[in-house]
Each structure stands twice: as C-alpha cells, then as structure tokens.
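These are my notebook entries on one model.

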Amino acid sequence: MELTPEIIDRIQKLKEKYDAMGQDLVSYLDGLLYSEYLTYWDYIHLDTLLSLQNPRTDFPDEKIFIMYHQVTELYFKMILSECEQICNHTDINEKFFIERMTRINRYFEHLTSSFDIMVDGMDREQFLKYRMALLPASGFQSGQYRMIEIFATDFINLVDKDVREQFKNEKFDAEKFIENIYWKHGATELSTGKKTLTLRQFEDKYLKTFLNLAIARHENNIYSVYKKLNSSNPTAKEVMRRFDTNVNVNWPLVHYKSAVRYLHKDPADIKATGGTNWQKYLPPRFQKRIFYPELWTNDEIENWGKAWVEQTLKDLNK
Ligand code: HEM
C-alpha cells in the first residue's frame, strides 16, 4: 500500500496533536483499528429517543400530544444554544448577530406553523379524556420556554405589567424581580386565587435555576448585546422585532387557539387545565409581554396581538 503525501501529512499532524497533550499516537491508532464504525441509530441515540413516548392512557392521540411537546422542547434547546452563543461571544459583530437571530426566528416560525398539529390534528373527545390523566402537568411548566425569555431581554420586561413601572426605578434585585414575574398570574386557581399545584411544582424544580440565569443574564442578554452593537443596519432591528413578534404574539396566539379549540366551549372542561385562569392570562393583548418596547411605536404596543385574537374568535364562532 502506498503512503501518499496526504496520508503522511495527516499522520504528522496527528502526531503533533497527541504530542502536545503528552499522548501516544500509536495507542490512539490502535484504538481506531479496533473501534466499530459509527451507525446512524447509535449516533442520534434513536432507540432511546423512540422509547421516550409513554402515554398514561390508551387513547392513540395521546402519543401525538407527547411527541409534539418533545419536538417543541428540542427546538427550544436549539434556540437556547443560539442564545448562549450570542451572549457568550467575546467579540460579536453585526453579521454574526443577524445570522444567529435569523436562525432563532426560523426555529420559532417552524414551531408556529406546525402548531396546527395540536390545533387541528387531534380528536377533541380523546383530548378531553386523556388530558385529565395528565393533571396537574402543563406546558406552563416548560423550563426551557422561560429560559429563552430570560435570555431574550432585560428582566424588567418580564416583570408583571401592573408593577413594571414601579420596578423600573428600582435597582435590579433578582429575587424580588422574579417574585413578580408575569407568569405567576397564569397559574392562579380560579376558585381560591391561590398558587396552583402546577406552579408550586414548577417553582420547586426550577426557581433556583431561573434565579441563577437571571443573575448571569443581567446586562448580558440578547437585548443588551443588541444595544451594545449600536447597529445602524435596519436588518438588526428587524430581526429583533421579528423575534419579539414570534415569541410574544405569533406562537402564543397559535397556542391560545388550541386552548380555545379544546377548552373554550364547555366551561366544565376548563378543569382540564388544572383550574387556571387561562382565558384571562394567555392572550398576548392581556399579557402585553414585550421584550423590546423601545423598538415599537406606542400604537403597536397598544394593539399588541389584538387583531389576530379577534379574527380567530370570530372564525371559531362561525
Ligand atoms: C392541545 C394543545 C394544548 C393546549 C390545549 C394547551 C393549553 C394550555 C393552557 C390552558 C395553558 C395555561 C396554563 C394551564 O392552565 O395549564 C397553557 C400554558 C402553556 N403551554 Fe400549553 N397547551 C397545549 C399545547 C402546548 C404545547 C405543544 C406546548 C409546547 C411546549 C405548550 C406550552 C405551554 C407554555 C409554555 C405555557 C405557558 C404560557 C405562558 O405562560 O404564557 N402547550 N397551555
């Protein structure tokens, strides 16, 4: 067998690589000799992945519900990976920022356009039955969804809108700010006004993680990176506005549409959510959750998500 210059060159480079770490190249070559070829199924852990769908009932549509949540969490992980790269970059420029924000927007847009798998792709009768077997679990407890929000903006923009103005004059205090985060209002029991079990479980599992992330992302989040870039390129502003719309209007609205489809018509079915005040909480026009208020006009803020909800409710009541 001929040892071509390419092979000799690569062996030389490998030797340098292993020498630098005090490692013996020949031993690593032996390892190559004995190791198996990689397969597709091992690389992506396919058997494990396909073993993770464990319905709690016999209704076949429950598997759709489980898998679509899993797909969504994987997209969330891809989004968080981009958020980390943007915020941890030590020498970020406009081009990198725009490219990575475009990736994030693409992921969110996929999630929004595929959400009809939930809205139209499951049998309502089955849903209302198997959903009861899943209480008090809720997508509300998605930790990654909340981490994306903490990465996205200055924490003040996640504080409940009723106390946000008052907090604007205060020094950042992660514990105090997180105590007043907007989403606590979505997990209040209709009957008693107390925290739901869904919220209590969620806080037990994630509150510390959120607190640490809030501290780490104070003045080092996507918004602060954007402001530091001080870009005059209109595309930079555009990707930010698109992100704000994707996370705070478009996705919440398709999601809200599914809640309306399955839970709206019969008030008794509201129980299927763990008894929360979701009708008052979920619509973006009530939450007015806006990551980048300075990038919108007063009129745009005033009418946040309004037109879409009115149209959807009209369509559903036809
Ligand atoms: C038929 C499908 C769905 C219905 C009917 C539905 C219903 C609801 C309801 C009623 C809430 C309010 C909290 C509660 O009462 O539990 C909620 C919150 C939430 N759900 Fe879903 N959901 C569906 C699918 C999904 C999917 C696929 C995800 C993806 C992870 C998801 C993620 C969330 C999140 C992140 C929240 C909190 C939203 C916020 O705080 O603004 N949901 N959902």
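**Entry 1. A loop residue.** I started with asparagine 230, which sits in the loop between helix H13 (222-229) and H14. Helices here are DSSP runs of H or I with at least four residues, strands are runs of E with at least two, and both are numbered from the N terminus. Asparagine 230 has a phi near 50°, a positive value in a residue other than glycine. Is asparagine 230 buried or exposed? Asparagine 230 counts as exposed, because its relative accessibility is 65%. I use buried for under 20% relative accessible area, exposed for over 50%, and partly exposed in between, with a 1.4 Å probe and protein chains only.

**Entry 2. Ground rules.** The model is predicted, so I note that local features need pLDDT of at least 70 and side-chain atom pairs count only at pLDDT 80 or more, while totals for chains, interfaces and linings use all residues. Residues are numbered from 1 along each chain as its sequence is written, and side-chain values use heavy atoms, with hydrogens and water left out.

**Entry 3. The chain as a whole.** I counted 18 helices and zero strands in the chain. The C-alpha trace spans about 80 × 55 × 35 Å along its principal axes. Of the 318 residues, 42% count as buried.

Entry 4. I looked up histidine 45 next. Its phi is near 50°, positive in a residue other than glycine. Histidine 45 lies in the loop between helix H3 (40-43) and helix H4 (46-49). It counts as exposed, because its relative accessibility is 53%. I then checked for a cis peptide bond. One joins leucine 135 and proline 136, with omega about 0°. Proline 136 is in the loop between helix H8 (124-130) and H9.

**Entry 5. A span in helix H6.** Isoleucine 98 lies in helix H6, residues 94-114. At 14% relative accessibility, isoleucine 98 counts as buried. I took the C-alpha to C-alpha distance from isoleucine 98 to phenylalanine 115. They are 17 residues apart in sequence and 26 Å apart in space.

Entry 6. Which protein atom is the donor to the iron atom of the ligand? The single protein donor is NE2 of His255, 2.1 Å away. Donors are N, O and S atoms within 2.8 Å of the metal (3.2 Å for Na, K and Ca); water is not among the atoms, so sites may look incomplete. Histidine 255 lies in helix H14.

**Entry 7. The largest pocket.** I read its volume as about 1,200 Å³. A pocket is an open set of points on a 1 Å grid over the protein atoms alone, where a 1.4 Å probe fits, with protein on both sides within 12 Å along at least five of seven lines; lining residues have an atom within 4 Å of a point. Grid points are joined across faces, edges and corners, and the volume is the space filled by probe spheres set on the points.

The lining of the largest pocket has 44 residues. Nearest its centre are His69, Ser138, Gly139, Phe140 and His255. Helices H5 (62-88), H9 (143-152), H14 (234-264) and H15 (278-281) each supply at least two lining residues. H5 gives the most, with ten. By class, I noted 24 nonpolar, 15 polar and five charged residues in the lining. Nonpolar covers Ala, Val, Leu, Ile, Met, Phe, Trp, Tyr, Cys and Pro; charged covers Asp, Glu, Lys and Arg; the others, Gly among them, are polar.

**Entry 8. Rings.** I searched the whole structure and found 30 aromatic pairs. Rings of Phe, Tyr and Trp (its six-membered ring) pair if their centres lie within 6.5 Å; planes under 30 degrees apart are stacked, over 60 edge-to-face, the rest tilted. Tyrosine 145 and tryptophan 251 form a tilted pair, 5.3 Å centre to centre with 45° between the planes. This pair links helix H9 to helix H14, 106 residues apart. Both tyrosine 145 and tryptophan 251 are buried.

Phenylalanine 167 and phenylalanine 177 form an edge-to-face pair, at 5.1 Å and 75°. Phenylalanine 167 is in helix H10 (residues 161-168) and phenylalanine 177 in helix H11 (residues 174-179). Phenylalanine 167 is buried at 3% relative accessible area, and phenylalanine 177 is buried at 3%.

Ring pairs also link a cluster, with Tyr68, Phe108, Tyr145, Trp251 and Tyr292 among them.

**Entry 9. Charges over rings.** The charged end of lysine 176 sits over the ring of phenylalanine 167, 5.4 Å from its centre. Lysine 227 lies over the face of tyrosine 223, at 4.0 Å from the ring centre. The test is NZ of Lys or CZ of Arg within 6 Å of the ring centre and within 35 degrees of the ring normal.
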